Amino acid sequence: MELKKFLADNQKSICAQWIDAIINTYPEEGAKFFAGSSNQFANPVGHTFRNNIEKIYQTLVRGGDVAECSQDLDGILRIRAVQGFAPSVALCFLPALKEIVRRELAKTNPDQATEAMLHDWNVSVDRLTMLGFDLYMSCRELLWKQKANQLYSRTHKLLEKTNLLKDEEVAG
């Protein structure tokens, strides 16, 4: 069996398991909510996960460059960066895709050497994981810069206020 055909034929099942790999990193209540409604407005995070996972998967199946996944992967990782996940937890769903595909392939091809079939696929998922790490760290860096700028601004305003009070006391 050709791997591309297998991946295309099993997209729904594999994507559902891949989405579960993301959702299962959340506490029980959050996981229930994100797994619930697929409505974009009632559950924007769950919708983003589902929509972007499918786009990323389709790009990988057709053999596209992982760089094409940047925007969709960034959409998922921005959410996880804002939520404060450690990088290992934020990105754990990416390498999970390799195990999901291997497990699904083993169900239909128990006698064949699935590892040999999956070599190129695994390399693509590894590249996607590296891209994801770069995107995640970029998001975290941006968040920290914004926090630092906010702290600087608050501190500056307090110092200005303090200096104005001292100037009034000296003048009086």
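User: Which residues is Asp 74 in contact with, leaving aside its neighbours within four places in sequence?

Analyst: Asp 74 is in contact with Leu 135 and Cys 139 once those neighbours are set aside, where contact means heavy atoms within 4.5 Å. The model is predicted, so local features need pLDDT of at least 70 and side-chain atom pairs count only at pLDDT 80 or more, while totals for chains, interfaces and linings use all residues. Residues are numbered from 1 along each chain as its sequence is written, and side-chain values use heavy atoms, with hydrogens and water left out.

User: Why is Asp 74 called buried?

Analyst: Its relative accessible area is 16%. Buried means under 20%, exposed over 50% and partly exposed in between (1.4 Å probe, protein chains only); Asp 74 is therefore buried.

User: What makes Tyr 26 and Phe 85 an aromatic pair, and why is the pair called edge-to-face?

Analyst: Rings of Phe, Tyr and Trp (its six-membered ring) pair if their centres lie within 6.5 Å; planes under 30 degrees apart count as stacked, over 60 as edge-to-face and the rest as tilted. By this rule there are seven aromatic pairs. The ring centres of Tyr 26 and Phe 85 are 5.1 Å apart and their planes stand at 90°, so this pair is edge-to-face. Tyr 26 lies in the loop between α2 (11–23) and α3 (28–35), and Phe 85 in the loop between α5 (70–82) and α6 (87–90), so the pair ties together parts that are 59 residues apart in sequence. Tyr 26 is buried at 10% relative accessible area, and Phe 85 is buried at 15%.

User: How do you know that Phe 33 and Phe 34 form an edge-to-face pair?

Analyst: Their rings are 5.8 Å apart centre to centre, with 65° between the planes. Phe 33 counts as partly exposed at 46% relative accessibility, whereas Phe 34 counts as buried at 10%. Ring pairs link Tyr 26, Phe 33, Phe 34, Phe 49 and Phe 85 into a cluster.

User: What lies over the face of Phe 85?

Analyst: Arg 80 does, at 4.3 Å from the ring centre. The criterion is that NZ of Lys or CZ of Arg is within 6 Å of the ring centre and within 35 degrees of the ring normal. The charged end of Lys 147 likewise sits over the ring of Trp 144, 4.7 Å from its centre.

User: Which residues does Thr 25 touch, not counting those up to four places away in sequence?

Analyst: Thr 25 touches Arg 80, Phe 85, Val 89 and Cys 92. Thr 25 is found in the loop between α2 and α3.

Terms used: Helix = DSSP H or I, 4+ residues; strand = E, 2+ residues; numbered from the N terminus.
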